[in-house]
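Subject: Structure for you, with notes

Hello,

Here is the structure I promised. My notes follow below.

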Amino acid sequence: MNVPDNLKYTKNHEWALIDGDNATMGITDYAQSELGDVVFIELPAVGDTVSKGDAIGTIEAVKTVADVYTPVSGEVVEINEALNDASELVNKDPYGEGWIAKIKISDLSEIDGLLDSEDYKKLVS
Amino acid sequence: MHYIPNTAEVEKEILQAIGVKRFEDLLVNIPEGFLKKCQINLPFPLSEIEISKHIENLAGINKHSGNTVSFLGGGAYDHFVPAVVDFLISRSEFYTAYTPYQAEVSQGTLQSIYEYQSMICQLMDMEVANASLYDGATALAEAAIMSVNITRRNKVLISPLINPLVIDVLRTYLYNRAVEIELLPESNGLTDFTDLTDKLDDKVAALLVQSPNFLGNIENLNGINKILEDNKSLFVTYVDPISLGILKSPGELGADIAAAEGQPLGIHQSFGGPYLGVFAAKKSLVRKVPGRIVGETVDVDGKRGYVLVLQTREQHIRRERATSNICTNQGLMALAATIYLSLVGKKGLKQVANLCLNNSHYLCGKIAHLKGFDLPYKNIPFFKEFVVKTPVPAKKIIDAGVEKNIFSGIDLGIYRREWGNYLLIAVTEKRTCQEIDDFVKYLSKF
């Protein structure tokens, strides 16, 4: 199970790469392997104002569907449009090409509430 | 309904099996005072011969399109239903099965639904259709909800000339969703789109229009889709499927979602149901479509097969975030529509539509010359239904007509108080020249 050390995590199996007040987010390697082949992703809209824990999109696998929750509050500034045509990127490269959205963080203190890689490893082991 | 005889021995056996002596023992939990109040003086049991005769006599009192000449419409029409339709849908493989969707055991049902969807797409000129919904009204309500979900906006503009009963259902569906319904103005029997651009803002999810509208008039919907597109609002049309034999389809008009009452497609009026909710949309919206969708695929041996697809939209997987809380369809009625459409074909549907058009215009022309009668919408094109201003209250004409086995039409006073002298008349392909002439003669006496 790949759990990179430089990322923050949520109990709902999202990851966030924090860069200043920007967060790039997606779902974890564990989440994609549990879901199986992802066939469709409903992305949030650029400009959406979101609060930590909001369902901002959905991931549809062959047999199930899961909501994607935002790890931080803020404004959606970019979405990974490549997923519209290639949802399998979430399976192939969940921490890279399979990213879902970039969010401008409105409350930096929320970052402290996220899990680090050690905590997350314990959660999924 | 079947007659199921019940002998004293059978009754005894049943009671024994459930562990009581007498039927009354099953009622011990009900306080005696209430039981006494419930005493119903039922007549003595009858034999099968007697009860059949009794029920037949009762049924004989009913008046329906089968033993009258009917000009009733307003959403449910007396169209011809070929005998083949009833014969085929009465086969027990279709008639008794309740949603037999397990792909491996229900290829016949799934294929028939797939054929239905394909025909609806052709008829509506749309890219995707679902396996059907309850009726036209719920189909339009689902279209409104779908538009709200897609656009994330909370207001729908609607034509005031959508069938008022359908508007009631729409209001019921939207009541707890904090969605605002705004009625456009009307002018001379048509929706007034003059101020449409001004009414469009970033709250408007969709515009819903019925054409031919409730009064039978054909709305001019050319270019409406472009105006809506500029505001990123969706265009939803509600149509009469028979009219599509000659009128522009929802697809040609650029509709994003199309809904219809499917009753005219081989389904009897049956005192109000079951009917058929027809629902179609653009392919780009397929993941927001409510209800079931059947798709074609191949099995491990490469043979053609059918399965339910895109089920992650539905409530058994998506729970409260499903596209709709209705996850069933009108399977048997969808089958009736499929059989009807395959029987009449493209040419036949055009023929049926033309007969409706010709018959209704023939009657309308005759009424125009009747003393005391008037046509309020003289130069507005209509399809098979039109409004007549009557010299006496419409109710009087309707009531007297029933005595002569004529259903004269709908009393519009039911819907608008000031319309007590307006009669809504529908003429289908079933009406003969003689029947229409006789009706004119009947009307001329008022």
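First, the ground rules. This is a predicted model, where local features need pLDDT of at least 70, side-chain atom pairs count only at pLDDT 80 or more, and totals for chains, interfaces and linings use all residues. Residues are numbered from 1 along each chain as its sequence is written, while chains are lettered from A and ligands numbered from 1 in the order in which they are written.

Strand E8 of chain B

- E8(B) pairs in the parallel sense with E7(B), residues 204–211, over 6 bridges (strands pair if DSSP finds at least two bridges between them).
- B:Phe235 is the bridge partner of B:Leu207.
- E8(B) also pairs with E9(B), residues 257–261, again in the parallel sense, over 4 bridges.
- E7(B), helix H10 (residues 224–230) of chain B and E8(B) make a right-handed β-α-β unit. Right-handed means that, with the strands pointing away from the viewer, the path from the first strand over the helix to the second runs clockwise.

Domains of chain B
- The assignment (automatic or from a database) gives domain 1 (8–57), domain 2 (69–81 + 346–443) and domain 3 (83–339).
- The C-alpha centres of domains 2 and 3 of chain B lie 27 Å apart.
- Their contact (C-beta atoms, placed from the backbone, within 7 Å) takes 26 residues from domain 2 and 27 residues from domain 3.
- On the domain 2 side, H12(B) (331–368) and E13(B) (385–389) each supply at least two residues. The largest share, 7 residues, comes from H12(B).

A second sheet
- E13-E16-E15 of chain B is the order of an open sheet of 3 strands, with antiparallel pairing.
- The edge strands are E13 and E15 (410–411), each pairing on one side only.
- 2 bridges join E15(B) to E16(B), residues 422–426. There, B:Ile410 stands opposite B:Leu424.

Best wishes

Methods
Two residues are in contact if their C-beta atoms, placed from the backbone, lie within 7 Å.
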